[in-house]
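Okay, thanks everyone for coming. Let's have the model up on the screen, and then I'll walk you through a few spots in it.

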Amino acid sequence: MQKTSLPERPHWREHAREVGFTFADMHGEPYWDESSAYAFSLEQIETGLEDPATELHSMCREAVAHILTTEELLDKLAIPEAHRDLIADSWRNNDPEIYGRFDFAYDGKSPAKLLEYNADTPTSLYESAAFQWQWLEDQLAAGVLPEGADQFNGIHEALVARFAELFEKDSNLHFTAVGGNPEDYGTVEAMGWAAREAGLGAHYADLDKIGLSDDGHFLDDQDRRIGVLFKLYPWEDLLRDDYAAHIAGSGCLFLEPAWKALLSNKGLLPVLWQMFEGHANLLPAFFEADLEDLEAGRGAHADSFARAQAELEAGHVLKPILSREGASVSILKAGQLVEQSANTEYAEHPRILQAYAPLPQFDGFRPVVGAWIVGQSCVGIGIREDRSRITQDLSRFKPHYITA
C-alpha cells in the first residue's frame, strides 16, 4: 500500500458538474482529491481487505441473531423497547439487505482492523462506485497510470445484480433522504441509478414530503403508495420518530431493514469481541457501563477484559454507541487524552471503549479504508483521509488503483 502523487485530469471539475457531483468541494475544502492516489497489490486487496470484510459481515449476521436472544444486549444498544418486535420480526422474516460499509485501519502489512460498521446509511457511495472508476479509466487512457492497473470496484454492478435478484422487473421502488443535502442525494441517486438499470422503477421524494394515508400506508409527494422504501435516514432516528408507530402496519418493506439497527450501532463492536475474541480483524472492545465491574474482575467477560487490559491501557478510543463523522469520539493513550472531536453532538449516548489502532500516515494524512458490502460480499473499496486521528466531516476522498 503506497500513496503516489499523480497529475490531475485537466477537466475533472467540469465533468463533476456535468454528472451532478456537486459536493466535490464541501465546507470550503476539497472533498474529492485526485492529486494523489493509493496503490495496492492484488494480494493486499483480496487477502487483506476483500476476504476479511466478507467474513466480518457473516460474523455480524451471527451477532444479530445473538443480540436478539437477550434483552440485556438490546438495553445496552439502547434499542427502544416499543420497537424491538419490529426489529426481531424483520430478522425472522429475512427482510433483505442491500449494502453497508466497513471502516478499516489498514497499512497493507498488518491485518486490517475493524473500526466500525456503517451498516444502515453509509454515504460516499457515488464517489466510490462511479467517480473513482471514471478516474481510473481516464488516467489509464492518458497514460498516467501504468498499463494493466485495475481497481477494486464492482460496487455498481453488484448493486444492479442485487436489485434484480430481490425484485421482479418493473417493480416500483421509492427512495428518500433529507432534502437539501447534496451528499445524501448523491448516495440515493446512485442507488436509484442501479435500480433503474436492474429494470425497476425508482421514484424519489424528500423525507419530509412522505405522508400517511388514512388506512396506514406511506405515500410519496404524489400520493402514490410506497411498497418498498430505501431511506437514507438512520434507524436510530426513525425508531424515535412519531412515524415509527406506523411502520409495522404499513405494508412497506424498508431498505435497509430494521434489523440493521443492531449493526449500525457501535455496541456491535463489544458484542463481536465477546463472540469472536482474538479474531485477527477485530479490536478488543467493551461497554463502558461494565468497566467498573470488569476492572474489579466481576462479570461474564472479566477474563476477556483481563486478557485485553494491557492493550487497552496502552491506548483506547471512547465512542458513543450512536455517532457519525467522528462526533464525540476521544482517543486516550496511557491514560492521557491525545485527541477528541470538537463536535459533541452525541455526547449524551452510552459509550464503548475500543483498543486504539493508529491509522497509517502518508504525507501527514491518515487514510481509512471503506470496504463496501453488497448483499453479503465485499465488492469494492473507497478511501477517505484526514489530518486528524479521528476521521471527520472534512476528510478527503482519494481514488485507488491496483498495480499490475
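So, which residues in H5 meet which residues in H6? On the H5 side we've got Leu125, Ser128 and Ala129, and they meet Ile155, His156 and Leu159 in H6, where contact means heavy atoms within 4.5 Å. By class, that contact has four nonpolar, two polar and no charged residues. For the classes, Ala, Val, Leu, Ile, Met, Phe, Trp, Tyr, Cys and Pro count as nonpolar, Asp, Glu, Lys and Arg as charged, and the others, Gly among them, as polar.

Quick housekeeping before I go on. This is a predicted model, so local features need pLDDT of at least 70 and side-chain atom pairs count only at pLDDT 80 or more, while totals for chains, interfaces and linings use all residues. Residues are numbered from 1 along each chain as its sequence is written, and side-chain values use heavy atoms, with hydrogens and water left out.

Back to the helices. H5 is residues 125-141 and H6 is 155-166, and they pack at about 110° with their axes 8 Å apart. Axes are lines fitted to C-alpha atoms, for helices over the stretch in contact, and angles run from 0 to 180 degrees between N-to-C directions. That makes the two roughly perpendicular, the label for 65 to 115 degrees. Helices (H or I, at least four residues) and strands (E, at least two) are DSSP runs, numbered from the N terminus.

Now the sheet. Five strands form an open, antiparallel sheet, in the order E6-E5-E18-E19-E20; strands pair if DSSP finds at least two bridges between them. E6 (113-118) and E20 are at the edges with a single partner strand each, so one side of each has no neighbour in the sheet. From one strand to the next, the twist averages 30°.

Look at E19, residues 377-386: nine of its 10 residues are buried, meaning under 20% relative accessible area (1.4 Å probe, protein chains only). E19 pairs with E18, residues 366-374, over nine bridges. Val369 stands opposite Ile383, and Val374 opposite Ser377. The hairpin has two residues between the strands, and Gly375 there takes a positive phi near 65°. Three bridges join E19 to E20, residues 396-398, with Glu385 partnered by Arg396.

Conventions. Angles under 35 degrees count as roughly parallel, over 145 as roughly antiparallel, 65 to 115 as roughly perpendicular and the rest as oblique. Buried means under 20% relative accessible area, exposed over 50%, partly exposed in between (1.4 Å probe, protein chains only).
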